[in-house]
Amino acid sequence: FSQTHGYVCKTDKVHNILCVKANSQSTLCLQSHYDIVCLEEGKIPQIIEQEGYLKAKDSTLGADNGMGCAMMMALMMEQKDCEFLFTSDEEIGLIGANDIEFKLQSTYMLNLDSEAQGEICIGCAGGIDIFATIKGKQTVPNSTNQDLYTLSIDNLDGGHSGVDIDKNIPNAIKLISKCVYESNAQLLDINGGERINSIPKSCTAIVACSTAPQSTHTNMKIEKIDTSCEHLSLLPKGVIEFIYSFSQGVRGYDKELGVVLNSINLAIIQTTIDGLKLSLSARSMDNEELHNLKIETLAFLKLCGFTTKTDGKYPAWKPVHNDFTAQVLDIYKRHIPEASLEAIHAGLECAIFKDKYPNMHITSIGPNIYFPHSCREEVEISSVIKVYAIVQDIVDSVRVH
């Protein structure tokens, strides 16, 4: 595609892609990530146009951040002299941004990974992934002849663990643990969650109980297993004690910014041969608050018998108003007068690029994308057209500026 439209195409060791004109005089870098969240491995979105929206049949859509990539490719078709940076593996830890090798020449960067028309993002949350394991399955006699039950919950709404964390979306893992704990059941097996950055929409567990467990959600199924069991292979008690007591979701709200300050999402749970694994995602608009949230969560996990580690850390992007944000806001208001500068509680690569290119001025915009990281993901077509017109004006104005 780059060669067809007269651009030099470069790649680095982590599969970032940079497209630029030979002898470019670019002052503006356009940036989007080209990976998407797949809730089901290998499932290619079957795209549907419906009542002014693009959706996907029984899968995520990939508008996050495919729509940004599409806008950049359209600008390349218009022969714009910009640096076009397509980054890799954003959804699994911002790997492309963290390990980028390119020396960008632009003074300004316009990230196209925001998801609300009319909002110009100038700040975002930082985050860190927390992983915990616990070992020590115990085989005990079923001396009280407890029955076995399968608990399952599916087809919850799900959602993005950053931008949707304040929408009271139920967490399937939490609901199953509530049923187990409040039914005085013993846990043999539990598996749930889809991705580290998604609110879990499904979970299944096997328990032993003297009486039938009581449902904690209308989507929950409780089925008795028609078999007798002389011995029970039980997971450590610390598993349910932690999950049941764990405070899922928003941990703090910044009234000044009008955005969630701190949050943590219990994302994935997996039973292993000799124990269990947990994956959690913590976010904060403040790096010190993020550190505190991490330390507190690790301490709680260790108290319940887990071994812990962390990975995928990225810094918060502190909101800064500069000449570039002012210029973008002015251009945006010509199209949408109510446009405003905002900060969001999701992780953007902007925070990493600001750290790597400290003299670069960075702003993020995008069309209306609803329920990313879930099977409900959809993008408003009219919003794409409006935002692309704004992007075109920014490209022309900054290039002249």
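**Exercise 1.** Classify the accessibility of Glu101, and determine which residue forms a salt bridge with Glu101.

*Solution.* Step 1: Glu101 has a relative accessibility of 44% and therefore counts as partly exposed; the classes are buried (under 20% relative accessible area), exposed (over 50%) and partly exposed in between, with a 1.4 Å probe and protein chains only. Step 2: the partner is Lys13, and the closest N and O atoms are 4.0 Å apart. A salt bridge requires a side-chain nitrogen of Lys or Arg within 4 Å of a carboxyl oxygen of Asp or Glu. Step 3: Glu101 belongs to the loop between α2 (95–98) and β7 (108–111), Lys13 to the loop between β1 (8–11) and β2 (17–20), so the pair ties together parts that are 88 residues apart in sequence. Helices (H or I, at least four residues) and strands (E, at least two) are DSSP runs, numbered from the N terminus. Step 4: Lys13 is exposed, at a relative accessible area of 61%.

The model is predicted: local features need pLDDT of at least 70, side-chain atom pairs count only at pLDDT 80 or more, and totals for chains, interfaces and linings use all residues. Residues are numbered from 1 along each chain as its sequence is written, and side-chain values use heavy atoms, with hydrogens and water left out.

**Exercise 2.** State how many salt bridges the structure holds, and examine the pairs Asp147–Lys224 and Asp330–Arg334.

*Solution.* Step 1: there are eleven salt bridges in the structure. Step 2: Asp147 and Lys224 form one with an N to O distance of 3.6 Å. Since Asp147 is in strand β11 and Lys224 in strand β16, this pair ties together parts that are 77 residues apart in sequence. Asp147 is partly exposed at 26% relative accessibility, and Lys224 is exposed at 54%. Step 3: for Asp330 and Arg334 the N to O distance is 2.9 Å. Both residues lie in helix α6 (residues 323–335), four residues apart, about one turn of the helix. An α-helix has 3.6 residues a turn, so residues three or four places apart point the same way. Asp330 is partly exposed at 42% relative accessibility, and Arg334 is exposed at 56%.

**Exercise 3.** Is helix α3 enclosed or open, and which elements do its buried residues pack against?

*Solution.* Step 1: eight of the eleven residues of α3 (residues 172–182) are buried, so the helix is largely enclosed by the rest of the structure. Step 2: among the buried residues are Lys174, Ser177 and Cys179. Step 3: the buried residues pack against β11 (147–153), β13 (186–192), β15 (203–209), β16 (220–224), α4 (238–245) and β19 (259–271). Step 4: at the start of α3, a side-chain oxygen of Asn171 comes to within 2.9 Å of the backbone nitrogen of Ile173. Step 5: Asn184, which follows α3, has a positive phi, near 55 degrees.

**Exercise 4.** Locate Gly62 and list its contacts beyond its neighbours within four places in sequence.

*Solution.* Step 1: Gly62 sits in the loop between β5 (53–56) and α1. Step 2: its relative accessible area is 11%, so Gly62 is buried. Step 3: leaving aside those neighbours, Gly62 is in contact (heavy atoms within 4.5 Å) with Ile36, Met67 and Glu377.

Conventions. Polar contact = N/O pair within 3.5 Å; in protein donor to acceptor, adjacent residues only side chain to side chain.
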